[in-house]
Amino acid sequence: MNRQLHEYRIGPSRLSNRLVSPRDLSSISGQDNVVIVHPGRQKKPETLIPLLNKLANEGFLPIGADTRFGEPDRNLASSYFNSQELGRFPEDFYRRPAALLAMCERLGIEQASFIGHSEGAQVGVMAANADTPPIDFNTMLLVNGVGIGTLATKQNKSKSKNKADANFQGAEKSELVLSGIDSAWSALTMPGQNYREIANIRHFDAWECGAIDVAKSICKKLVLLHAIDDRVIDGADVEERATESDTEYLLTTGGHSNIYSRSIQQLIVKTLTD
């Protein structure tokens with residue numbers, strides 16, 4: 001059953017962060033069946049309406065998150081992340097998780113499950129790892145998540161790599177553990193991808209204890225759903241990391257954007273309801 005889409009927007013601008021849902025958001029405060037769905041790079045949550053509807057039909061209160069423009073108040077991140085954590089990554093890296101946390105706090109969402117695709121997984125893990133998060137994540141389902149495995153290699157290297165490497169140099173002043181990152185950075189995944197985003201992905205991959213360990217420490221249940229034929233994040237590497245960390249994972253096919261397929265969306269719903 002398709003439903004009318006409700007929207008919660010912070011600010012009047014078309015560049016505002018917002019939440020959308022097939023369910024009414026006015027009485028969401030204190031609900032225990034909330035599922036936040038965060039799409040990948042530069043994708044609007046409307047692209048996942050079929051998934052939102054499926055979740056709603058199963059009795060969940062699904063919310064699609066749109067943080068593409070980041071939190072405009074750069075100082076807001078310090079409300080959630082301490083100074084030590086803020087020094088771990090570039091400043092802009094915190095604007096999207098800060099936006100997600102701020103919207104949850106203003107709506108009174110205290111607990112939720114989280115589904116993150118690609119960069120959306122990265123945003124969710126960082127938000128959940130905040131020092132003073134206003135929300136607890138029960139289940140985290142990360143679909144082809146950035147930072148969960150190393151970047152897949154591609155022979156056709158882009159000029160953006162040099163810019164990304166230059167952008168990454170500032171992180172060397174921090175206490176990041178960078179061993180082994182060069183092997184993960186052997187090539188870019190997509191021609192023409194924004195070099196700042198690539199550099200940020202490299203930062204995330206350098207997270208000291210690894211994104212999987214971080215995610216496991218901040219939620220009650222972590223499930224990795226990853227395409228073995230993902231051309232962005234190496235599926236075989238994800239399988240190896242998940243096995244080593246005793247993390248539940250489901251290998252699929254269909255490439256990096258398989259979250260838009262009906263079969264994968266049905267698998268996501270089944271994973272949450274089991």
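**Figure 1. D246 in the loop between α9 (235–244) and β8 (248–252).** Helices (H or I, at least four residues) and strands (E, at least two) are DSSP runs, numbered from the N terminus. The model is predicted: local features need pLDDT of at least 70, side-chain atom pairs count only at pLDDT 80 or more, and totals for chains, interfaces and linings use all residues. Residues are numbered from 1 along each chain as its sequence is written, and side-chain values use heavy atoms, with hydrogens and water left out. D246 is a residue other than glycine with a positive phi, near 55°. Most residues other than glycine have a negative phi. D246 counts as exposed because its relative accessibility is 68% (exposed means over 50% relative accessible area, buried under 20%, partly exposed in between; 1.4 Å probe, protein chains only).

**Figure 2. N144 in the loop between β6 (136–143) and α5 (160–168).** The phi of N144 is near 50°, a positive value in a residue other than glycine. With a relative accessibility of 0%, N144 counts as buried.

**Figure 3. The protein chain, with 10 helices and eight strands.** Of its 274 residues, 55% count as buried. Among contacts in the protein chain with a separation of 6 or more, 77% are between residues 24 or more positions apart; contact means heavy atoms within 4.5 Å. The chain exposes about 12,300 Å², and 44% of this area is supplied by carbon and sulfur atoms. Accessible areas come from the Shrake-Rupley method with a 1.4 Å probe; for residues, only the protein chains shown count as cover.
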